[in-house]
Amino acid sequence: MFSSLKEKIGEVLLPGDEFVFESEDTIFLTDNVKPERPVCGPGLRQSGNRLVVSKSGVLRHKPPHTFWMDSQQWRYVPAKAETVIGIVTSKSGDIFKVDVGGSEQASLSYLAFEGATKRNRPNVQVGDLVFAQFTVANKDMEPELVCIDGSGRANGMGVFGGGGLLLKVSLGLVRRLLAPQSDIRSDLEQLFPCELVVGMNGRIWVRASTIQQTLIISNLLQSCDTLTAPQRREQFRKLQKGGL
Amino acid sequence: MIDGRDGDTSVMAGVYGPAEVKVSKEIYDRATLEVLLQPKVGPAGVREQSQEQCVRETCEAALLLSLHPRSSLTLILQVLHDDGSLLSCCLNAACMALMDAGLSMSCLFCGVTCAIGADGDIIADPTAAQEKESRALMTFAIDSTERRVMMSSTKGSFSVQELQECVAVSQKASEKVFQFYRDSVRRRYSKNL
């Protein structure tokens, strides 16, 4: 049914490219057939039976019906349930204002930490790094963050950050790092042990056992944006052989 | 940052956003687009302001501004070299910059300039020398989906027939520009495919 779309999977498309769906001509009364509707991810917009591309990028597909545009972008737009690295910019009354790299600062309540109560306030200062997830993130409202999951546990979220380096990379690179079978991550694992916090807003925090190793990893990650896979593997191999 | 080149005319475009906007400038249901055109020498004057308006109206028609209410989008165009067809070069640079920044657009657009010489012949993408000797100068912004005119800016005197011929010439020339956009984006993503 989506043959015209499926032909273009893996191809580069531009805003304005359109796909039209033909609906079935005959409806079988005996069959329990529901017309298949495509699920549009980021970069695709649907109106009636037309699908229009709104961002330039590569068309990706996940069976059965999910399509989206994989684009190279640097600017982050908050989305619900995404985990991001934020920088606390101010404390006012009961909430912290956190900079997540979007158009607005997000708010983080002091009660949204594990084990926090009105008497037991969390130890969060201005300038701290927090790893949190969005509970409210749409275009009309101020984004809201929490550092606990549904059951009240921290689950890796919260304040962090002594002794590491924070860098900004493209959103495509963080998605590639967080993918289940990530080439970049497996290459990094073979280099030397390090701690990585990856935020979906394009921010990565790195800490290795020495400052030199931290700097090497941060330079590698920033260059991964512009290298192809073979070039990247070449760089990693040179580093491993070069030794430190 | 995108470098737009039209013959020798060269414009660099940078897009910033969606970012915070001053309360006085915010619009409750869509983004506020600001275009700044910096000439090569001297401060921006009234001519640059009118060119900024042309670019801004074209961009607002192509962008999906309602996806970012109460945010600001800033487009800065720096003229590196002006040898004619400046406005269409700015439009091309603007479109590529917006597309590259990942802002949602309903269609792409391109700018084409036509000059009508003293003897009535139509020159597409004139140089500064050709512009000076022309009887009329027109710039059109053409959209990528239906090749219609989104914006027109004209100077000089011409007949309705000549206007229609220039529109046809521009629509034909826009094919090459859109093909260039497609090739550039393909090259950009070829590293990560």
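**Close-up views of a predicted two-chain model**

**View 1. Interface of chain B and chain A.** Between them, chain B and chain A bury about 2600 Å², and 51% of this area is on carbon and sulfur atoms. The model is predicted. Chain B contributes 32 residues to the contact and chain A contributes 33 residues. Between chain B and chain A, 11 residue pairs are in polar contact, both residues being at pLDDT 80 or more. On the side of chain B that touches chain A, the elements giving two or more residues are β2 (9-19), α2 and α4 (160-189) of chain B. The most is given by α4(B), with 6 residues.

**View 2. A salt bridge across the interface.** The rule finds 2 salt bridges across the interface of chain B and chain A. In one of them, the side chain of Glu104(A) meets that of Arg70(B), at 4.0 Å from N to O.

**View 3. Helix α1 of chain B and its two sides.** Helix α1 of chain B comprises the 17 residues 46-62. At 1.5 Å a residue the helix should span 24 Å, and its end C-alpha atoms are 25 Å apart, which agrees. Buried residues in α1(B) are Glu48(B), Gln51(B), Glu52(B), Cys54(B), Val55(B), Thr58(B), Cys59(B) and Ala62(B). They cover an arc of only 160° around the axis, so they lie on the same side of α1(B). Val46(B) and Gln49(B), on the other side of α1(B), are exposed. The cover over the buried residues of α1(B) includes the strands β3 (32-38), β4 (72-81), β5 (109-116), β7 (136-143) and β8 (149-156) of chain B, together with α2 (86-101) of chain B.

**View 4. Surroundings of Thr139(B).** Thr139(B) is part of strand β7 of chain B. Its relative accessible area is 7%, so Thr139(B) is buried. Leaving aside residues up to four places away in sequence, Thr139(B) touches Leu87(B), Ser88(B), Leu91(B), Val112(B), Thr113(B), Met151(B), Ser152(B) and Ser153(B).

**View 5. The salt bridge of Asp99(A) and Arg203(A).** Over all chains, the count by this rule is 18 salt bridges. One is formed by the side chains of Asp99(A) and Arg203(A), at 3.2 Å from N to O. Asp99(A) lies in strand β9 (residues 95-99) of chain A and Arg203(A) in strand β16 (residues 203-208) of chain A, so the pair ties together parts that are 104 residues apart in sequence. Asp99(A) has 24% relative accessibility and therefore counts as partly exposed. Arg203(A), at 10% relative accessibility, counts as buried.

**View 6. Two salt bridges within chain B.** The side chains of Lys25(B) and Glu34(B) form a salt bridge with an N to O distance of 3.9 Å. Lys25(B) counts as partly exposed, at 40% relative accessibility. Glu34(B) also counts as partly exposed, with a relative accessibility of 33%. A salt bridge also joins the side chains of Glu146(B) and Arg148(B), at 3.2 Å from N to O. Arg148(B) has 53% relative accessibility and so counts as exposed.

**View 7. A salt-bridge network in chain A.** Arg60(A), Asp70(A) and Arg175(A) are joined into one network by salt bridges that share partners.

Key
Residues numbered from 1 in each chain as written. Chains lettered and ligands numbered in written order. Predicted model: local features only at pLDDT ≥ 70, side-chain atom pairs only at ≥ 80, totals over all residues. Heavy atoms only, no water. Helix = DSSP H or I, 4+ residues; strand = E, 2+ residues; numbered from the N terminus. Expected span 1.5 Å × (residues − 1). Buried < 20%, exposed > 50% of the residue type's maximum accessible area, 1.4 Å probe, protein only. Arc of directions from axis to C-beta. Contact = heavy atoms within 4.5 Å. Buried area = accessible area lost by both parts, 1.4 Å probe. Polar contact = N/O pair within 3.5 Å; in protein donor to acceptor, adjacent residues only side chain to side chain.
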